[in-house]
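Dear colleague,

Please find below the structure that I am handing over to you.

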Amino acid sequence: MGNNLETAAHPENLRRVAIDPVSRVEGHGKVTLLLDENDHVQQVRLHIVEFRGFEKFVQGRPYWEAPVMVQRLCGICPVSHHIAASKAMDMIVGATITPTAEKVRRLMHYGQILQSHALHFFHLCSPDLLFGFDSDVAKRNIVGIVAAYPDIAKQGVLLRKFGQEVIRVTAGKRIHGTGSIPGGVNKNVSIEERDYLLKDVEQIVTWSRESVGIARKLFEQNLDLYNNFGRFDAHTLNMVRADGALDLYHGGLRARDMSGKTLFDHYDYGHYWDVIFEDVKPWSYMKFPFLRSLGTENGWYRVGPLSRVTQCDFIPSPLAEAERKAFLAFDGGKAAGATLGFHWARMIEMLHAAEVIRDLLHDPDLQGTDLVSTGERQERGVGVIEAPRGTLIHHYKVDENDQIVRCNLIVSTTHNNQAMNEAIRQVARQYLDGKKLTEGLLNHIEVAIRAFDPCLSCATHALGKMPLEVELLDAEGGRVDRLTRSSSGVFE
Amino acid sequence: MSDTFQLDGATVPFEPGQTVMQAALAAGHYIPHLCYHPEFKPHGSCKLCTVKVNGRTTASCTMPAEANLNVESNIEEMNALRRTLVQMLFAEGNHFCPSCEKSGNCMLQALGYDLEVHATGFRHLYPDRPLDASHPDILLDFNRCILCELCVRASSEVDGKNVFALAGRGITKHLIVNAESGLLKDTNIALSDKAMQVCPVGVILPKRVGFSQPVGVRRYDQRPISAQALDDAPRQTDASGNCEACEGSS
Ligand code: SF4
Ligand code: FES
């Protein structure tokens, strides 16, 4: 059992304690900090139990049900699963989808990006970011933001609402829509629907641009904190278009190591398992993916907005591209490697999503009537998209009776699993004082976790604080301290 | 002059041989139902159509109409009973509306909405009912079967094939396929069969159709089932005995 202790310098000096994930407080995120014999934080474990069972649940179901059914996997970004599964099923039915189908799906997907990024920045993070990580908990929530920054709060609400409306128009419903189906879509966008969205889209682009400005200002005001908070170097994984552009709907995989060296590029995701492998660890139900060429220990990587914006060659929309350049140049490139740089990158993507939505709305293909195509039936289907939180992989095997016999999903938050642990470790090293867990430390751990926007129920409470449990174990595995905070902000 | 009975205070005329349900629908009065189908002999199994006749509860789809009956249907006592029945049906099978391709076209779901059933109320039984996907063009998802026997009746009476039957008793009662292997692929069912069209829920499905019908244009998206059931019911019959309203009904 002494192997696999991924960050320990001397694993033989650490005792592994199996922690029953069920013991975690209901709905709480649980973090275990393990000290070494010198009382330094040696290892961090963010315990996640969210994604169990689905791959089993879908077995035996007809393949055409998957794109709708998988939305139940995660109430947080159902549209991403809807689209990733549809792309996998395109392969199963042997389809090359029509321009109308692709554009309707793109519209749906960028609507999801817009609403998700707006929700995260304005509802979930702006209280921490605008009031400060250690400010009064009673004020540090969206209600406090509405009181102190009414314009920003309103902007956040309307940005999100617009994204949800894009989803409703393309998927049929705001949640559990059915728009995307194997081989295409079941509806186009009517002229009325288009005009309904068009009337607000310029405002949405403007607000998104201002949102990038807010993120930038946060860095300018707290340069040292923002550049260094939970900072660590990481390898990256993301999808890019054939010309290297940012593309959240389709492309090839690109991985770079932390020095910037390209490990693979434009890699056909239909064979992702040749470059990405998943490790299991006895203390977590969540899998730990790694880049095969770098091995289990060192192959972990970071996905999501920060990786995408920094690793693409350009963003194919002018306003977002200008912001990307500014982000990369800021403070000698420091912000682009910072954990809190996620927020800035996320806002750049939101701006890009707004621009893409606007351009798509002007595209007559949206009114096309050629919605579905099929071809030669295949046994295996892989669908990959860049979801709001990062690369999302859906992989299915379907038998001759049309039943799904195998399913493997790697969700964005799983890709970021070890990266989140690393961010928390840096924060704990920065802020853990002695052997006592403090409210300040817990607040800072929350900010580090939140930067990744993990799709964990604990991290997506729209109101109140992230319910969080932190425990500190010594090198012997004995509990030194424990601190919990409920979503109403009460510490125990 | 035909005889009449009273339904929730309205006077309903009937022809000899009609049931309370048939007479009510023909006169434009809706009584909730699941296993009743205007084209088939009443079966009386789901009990959704239960009404009070002269103070006693009975299934209106099998109750012969008689002069001067006092029928109470749309009263809270009956609707509460119907809600309970719907809840029990939901708990007995595996009905996951959000991922069911019959959503929006399903009578059980539509009745649930119409009767304002918002929670199941009973412990789900979560029965283990594997699919039969053996047929190249037709899928059977037994998880949703409510044992109304419409497919059984359609297959034998209209298609002349006897593809389906019910087996077992009580809570173990279930739909089976009449083939030695028990598999649909070993029957002579065809996509054009009447049995393909009558299932009120999402058991008997043509393959690869899935969610190709968008939200908004599905049968019950626009109008509740209480309004649409009347569309299907035979109203006035013409001299030849043909019923206009029946045409195109399914
Ligand atoms: S399969 Fe459908 S029609 Fe046949 S008994 Fe079951 S619910 Fe009724
Ligand atoms: S409709 Fe009368 S018992 Fe089912």
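Two residues are said to be in contact here when heavy atoms lie within 4.5 Å. Please keep in mind throughout that this is a predicted model.

**The interface between the chains**

By that criterion, chain A contributes 21 residues to the contact and chain B contributes 19 residues. The size of an interface is often expressed as the accessible area lost when the parts come together. Between chain A and chain B, about 1,700 Å² is buried, and carbon and sulfur atoms give 61% of this area.

Charged and polar groups also take part. There are 4 salt bridges between chain A and chain B. In one salt bridge, the side chain of A:D402 meets that of B:R208, with 2.6 Å from N to O. Sorted by class, the side of chain A that touches chain B consists of 8 nonpolar, 7 polar and 6 charged residues.

**Aromatic pairs**

Over all chains, the count of aromatic pairs comes to 15. One of them joins A:F327 and A:W344; this pair is tilted, with 4.9 Å from centre to centre and 55 degrees between the planes. A:F327 belongs to helix 11 (residues 318-329) of chain A and A:W344 to helix 12 (residues 341-361) of chain A, so the pair ties together parts that are 17 residues apart in sequence. Both A:F327 and A:W344 are buried.

A further tilted pair is formed in chain B by B:F5 and B:F14, with 5.9 Å from centre to centre and 40 degrees between the planes. What is the relative accessible area of B:F5? The value for B:F5 is 0%, and because buried means under 20%, this residue counts as buried. B:F14 is buried as well, with a relative accessible area of 7%.

Returning to chain A, the residues A:F327 and A:W344 are members of one aromatic cluster, together with A:F219, A:Y226 and A:F330.

**Chain A as a whole**

The secondary structure of chain A comprises 15 helices and 15 strands. Chain A has 492 residues, of which 63% count as buried. Among the contacts in chain A with a separation of 6 or more, 70% are between residues 24 or more positions apart.

With kind regards

Terms used:
Residues numbered from 1 in each chain as written. Chains lettered and ligands numbered in written order. Predicted model: local features only at pLDDT ≥ 70, side-chain atom pairs only at ≥ 80, totals over all residues. Heavy atoms only, no water. Buried area = accessible area lost by both parts, 1.4 Å probe. Nonpolar A, V, L, I, M, F, W, Y, C, P; charged D, E, K, R; others polar. Phe/Tyr/Trp six-rings, centres within 6.5 Å; stacked < 30°, edge-to-face > 60°. Helix = DSSP H or I, 4+ residues; strand = E, 2+ residues; numbered from the N terminus. Buried < 20%, exposed > 50% of the residue type's maximum accessible area, 1.4 Å probe, protein only.
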